[in-house]
Amino acid sequence: MSAERWNLVQSLFHRAVDLPEAARDGYLAEQCRDDPSLEAEVKALLAADAREYTPVDRPVAAIAEELFANSSADLAAHRFGPYRIAALLGEGGMGVVYLGVRDDLDTKVAIKILRDAWLSPVRRERFASEERLLARLSHPAIAALHDAGTLPDGTPWFVMEYVEGVPINEYCHSRPTSLGERLRLFRSVCEAVGHAHRHAIVHRDLKPSNVLVTNDRRVKLLDFGIAKQLETYDNPTVTTRTGLRMMTPAYAAPEQFRGTGVGLYTDIYSLGVVLYELLAGRLPFDLTDKNSAEAAALIAAGDAAKPSAVARLQPDGGDRIASRGAWADLDVLCLKAMHPDPERRYPSVEALIRDIDHFLDGEPLEARPDAMAYRLAKFASRNLRAVSIGLGALVVVAVLVAFYTIRLAAARDRAVAEAARTERIQEFTMRLFEGGDESVGPADSLRVVTLLDRGLRDARSLEADADTQSELYLTLGSISQKLGKLDRADTLLNAAVSKRRGLHGDDHPDVAAALIGFAGAALAILG
C-alpha cells in the first residue's frame with residue numbers, strides 16, 4: 001500500500017471511529033462510494049480497533065446496552081464538585097457537554113463528560129490532554145477551565161466557563177455588522193489563538209462553531225479537544241495521525257489532509273478560512289458531495305476565488321461591506337493566510353494581527369508589495385483631512401504664483417515694448433535733423449516744415465509698429481496744430497486715435513490721450 005493510500009485510510013478511520021457505531025456504515029459508504037476496496041480496508045481497521053479496546057469476553061450488544069443505559073438521567077444524579085447537571089447542551093466525538101449549575105453561588109458552567117472513556121485509552125488520553133491544555137491557558141477570549149475530576153465509575157469530567165453566544169459567522173451574517181466590527185471580532189479570535197501559540201499549543205480545529213460571540217460582543221474560543229502541545233518553539237511542527245481524527249474538512253489546512261504534520265501555520269490557515277467566510281458570506285471551497293480524497297485535492301490546489309468576487313455574488317453585494325480599494329487589501333489578507341504552502345502564509349498570528357491593524361488604521365499591509373503609489377494612496381486615505389488642506393494650499397499657492405508670473409511677464413513685455421518704442425522715437429528724431437551728408441551733420445537750411453514733412457514720411461513707414469506710429473502721429477499732429485496747420489493736425493490726430501483704438505479698444509488711457517489732443521485741434525479749428 002502506498003503512503004498516500006495509507007494516509008487516506010488512516011484519515012477515514014480516525015473520523016469514523018469518533019462517530020456513533022450506527023452511523024459509521026453510512027459515513028463510509030458515502031466517502032468511499034467510488035472505491036469499495038477502500039471501504040473494506042477502513043472497516044477492517046475499525047473491527048481490529050474494537051477487538052483491541054473491548055474488554056475480554058464481553059459481547060458488543062452488552063457493551064452497547066451498558067453504554068446507552070448511562071443516560072443523562074443517570075448522570076444527573078452525580079455531583080461534579082459543587083455543580084449539578086441542569087440540561088444537555090450538545091454532544092460530539094469527544095464527549096457530551098451539559099449545562100451545570102452551582103446552587104450556592106447561582107452560577108452556570110459547562111460540564112464536559114467522556115461517557116465511554118473505558119472503551120478507548122486513546123479517547124481518555126485525548127480528553128485528559130484537553131483538560132491539561134485548558135489549565136495552561138488564561139485569556140479573556142478563551143473559555144476558562146474551572147474544575148476537573150472523575151465519577152466513581154472512572155468517567156472523567158471537567159468544568160468550563162459557560163458561554164452563552166452564537167457562532168461568529170452567524171453573529172455577523174444575522175445582524176447589521178460593519179466591516180470594522182467584523183475585523184475587530186476576528187482580531188479577538190486571533191489574539192486568543194496567539195495566546196495558545198505562545199504556550200506552544202495548536203488548536204487544529206478552528207471554525208465558527210468553536211468561536212462564540214456573546215450578547216455584549218465578546219469573543220470566546222472553545223473546544224481544544226484535538227489541540228496539540230508542540231514539543232518546542234524551535235520545532236513548531238509535529239507529525240501525528242491522531243490529529244486527523246476530528247478535523248473539520250471545510251476549515252482544515254492541506255497538511256492536515258496529507259497527514260504530513262501540523263504546526264502554528266495550520267491554525268493560521270483555518271483563521272484565513274474563517275475570515276474569508278466572514279467577509280465573503282460563504283466558504284472558499286464547496287465540499288458538498290466530495291469524498292475525502294476529492295476534498296483534499298481541491299483544498300491542496302488552493303484555487304479559491306477572491307473573497308471580493310464571491311461577496312459581490314451575494315444578495316447584498318460586496319460593495320456594502322467594503323469599497324473596491326479596501327477589498328484589494330482584504331483579498332490579500334485572506335489569501336495569504338490561506339496559501340496552500342505553509343511557508344507562504346503569515347509567519348505568525350501576530351503578523352496577521354499587525355496587518356489587520358494596518359488595514360483598520362488605513363496603513364499599508366506588510367503582505368502587499370512595497371510600491372510607492374500604494375503607500376502614497378494609503379497615506380492619503382489615512383490623512384484625508386490633512387492631505388485635502390495641503391492640496392488646497394498647494395493649489396492656492398500655484399494659482400498665486402501663476403497669477404503674479406503672468407502679471408510680471410505682462411509688465412516685462414510692456415516695459416520692453418516701451419523701451420523699444422522710445423528707441424524708435426529717438427532714432428526717428430535723429431533722422432529728422434540729418435542733412436544730405438551724414439558726415440557734416442544737419443544742414444543749416446532745414447526748416448520746421450521740412451522736418452514735419454520728413455517726419456510724416458518716416459511715420460507712415462512704421463506700419464509694422466502701430467503703437468510707435470500712433471505716438472508719432474500724435475506728436476506730429478500737436479506740432480502741426482501749434483504751427484497753424486490745422487487740417488494736417490486734424491488728419492494726424494484722427495489717425496492716432498484710430499490706431500490706438502485698434503490696438504487697445506475705447507477704454508484705454510492712450511486712446512483718451514489721443515482724443516484729448518484731437519479735441520484740442522478741433523477747438524482750434526472752430527475758434
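Buried means under 20% relative accessible area, exposed means over 50%, and partly exposed lies in between (1.4 Å probe, protein chains only). The model is predicted: local features need pLDDT of at least 70, side-chain atom pairs count only at pLDDT 80 or more, and totals for chains, interfaces and linings use all residues. Residues are numbered from 1 along each chain as its sequence is written, and side-chain values use heavy atoms, with hydrogens and water left out.

**View A. Leu45 in helix α3.** Leu45 belongs to helix α3 (residues 36-53); helices (H or I, at least four residues) and strands (E, at least two) are DSSP runs, numbered from the N terminus. With a relative accessible area of 25%, Leu45 is partly exposed.

View B. Ser292 lies in helix α11 (residues 292-301) and is buried, at 6% relative accessible area. Neighbours within four places in sequence aside, Ser292 is in contact (heavy atoms within 4.5 Å) with Leu8, Ser11, Leu12, Arg15, Gln31 and Phe257.

**View C. Salt bridge between Glu161 and Lys220.** A salt bridge is a side-chain nitrogen of Lys or Arg within 4 Å of a carboxyl oxygen of Asp or Glu. Side chains of opposite charge can pair when their charged atoms come close. The side chains of Glu161 and Lys220 form such a bridge, at 3.1 Å from N to O. This pair links distant parts of the chain, with Glu161 in strand β5 (residues 156-161) and Lys220 in strand β9 (residues 219-221), 59 residues apart. Both Glu161 and Lys220 are buried.

**View D. Salt bridge between Glu255 and Arg345.** The side chains of Glu255 and Arg345 meet at 2.9 Å, N to O, in a salt bridge. Glu255 lies in helix α9 (residues 254-258) and Arg345 in the loop between α13 (324-337) and α14 (349-360), so the pair ties together parts that are 90 residues apart in sequence. Glu255 is buried, as is Arg345.

**View E. Salt bridge between Arg218 and Asp216.** Here the N to O distance in the salt bridge is 2.8 Å. Arg218 is partly exposed, with a relative accessible area of 41%, and Asp216 is partly exposed, at 48%.

**View F. Helix α18 and the residue Gly484.** Helix α18 (residues 466-482) has 17 residues. Among its buried residues are Leu472, Tyr473 and Leu474. Just after α18, Gly484 takes a positive phi of about 85 degrees.

Definitions and conventions:
Expected span 1.5 Å × (residues − 1).
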